[in-house]
Amino acid sequence: MAYLLLAGAILSEVLATTAMKYSDGFSRLWPSVCTAVGYVVAFVLLAQTLKSMSVGTAYAIWAGVGTALIAAIGMVFLGESASALKVLGVVLVIAGVVVLNMDGAH
């Protein structure tokens, strides 16, 4: 159950971050509202996750998966460059999450 809550938190955070891109510095109402609601939902779900998962494990997964997804969204949908170095960076972030989780979720 903790991993499902964490997945929801990550998805909500990724959607909020993507909406922020479209908020034009919080000058557009609906993307700004989506950003705020998305982050509130993300943190509520993350808080629930932390009831049964260690903070180090949860945050490593949150940060790593969120970073990888946002980078992919930027490259695929937002026209950001997709250099080999950027892809390597994403792979290294994911590898870091895997290594941190080798100790197991407590």
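Two residues are said to be in contact when heavy atoms of theirs lie within 4.5 Å. Among contacts in this protein chain between residues at least 6 apart in sequence, 64% join residues at least 24 apart.

The structure is a predicted model, in which local features need pLDDT of at least 70 and side-chain atom pairs count only at pLDDT 80 or more, while totals for chains, interfaces and linings use all residues. Residues are numbered from 1 along each chain as its sequence is written, and side-chain values use heavy atoms, with hydrogens and water left out.

## Overall build

The protein chain has four helices and zero strands, and its pattern along the sequence reads α-α-α-α; helices (H or I, at least four residues) and strands (E, at least two) are DSSP runs, numbered from the N terminus. Taken along the principal axes, the C-alpha atoms fill a box of roughly 40 × 35 × 15 Å. Of the 106 residues, 30% count as buried, where buried means under 20% relative accessible area, exposed means over 50%, and partly exposed lies in between, using a 1.4 Å probe and protein chains only.

## The nonpolar core

A nonpolar core is a set of buried Ala, Val, Leu, Ile, Met, Phe, Trp, Tyr and Cys residues joined through side-chain atoms within 4.5 Å. The largest one here has 12 residues, including Leu6, Ala9, Leu46, Ala58 and Trp62. At least two residues of this core come from each of α1 (2–22), α2 (29–49) and α3 (55–77), and the largest share, five residues, is supplied by α1. In soluble globular proteins, nonpolar side chains tend to be buried together.

## Helix α2

The 21 residues of α2 should span 30 Å at 1.5 Å a residue, and its end C-alpha atoms are 30 Å apart, which agrees; the expected span is 1.5 Å times one less than the number of residues. The buried residues of α2 are Pro31, Ser32, Thr35, Gly38, Ala42, Leu46 and Thr49. Seen down the helix axis, these buried residues fall within an arc of 125 degrees, so they line one face of α2, the arc being that of the directions from the axis to the C-beta atoms. This buried set packs against α1 and α3, whereas Leu29, Trp30 and Val40 are exposed on the other side of α2.

Ala19 lies in helix α1, and beyond its neighbours within four places in sequence it is in contact with Pro31, Cys34 and Thr35. The C-alpha atoms of Ala19 and Ser32, which are 13 residues apart along the chain, are separated by 7.0 Å.

Ser23 is found in the loop between α1 and α2, and its side chain reaches the backbone nitrogen of Phe26 at 3.1 Å. Not counting residues up to four places away in sequence, Ser23 touches Arg28, Pro31 and Ser32.

| Residue | Relative accessible area | State |
|---|---|---|
| Ala19 | 12% | buried |
| Ser23 | 1% | buried |
| Asp24 | 54% | exposed |

Most residues other than glycine have a negative phi. Phi of Asp24, however, is near 55 degrees, a positive value, and phi of Phe26 is near 65 degrees, also positive.

Terms used. Polar contact = N/O pair within 3.5 Å; in protein donor to acceptor, adjacent residues only side chain to side chain.
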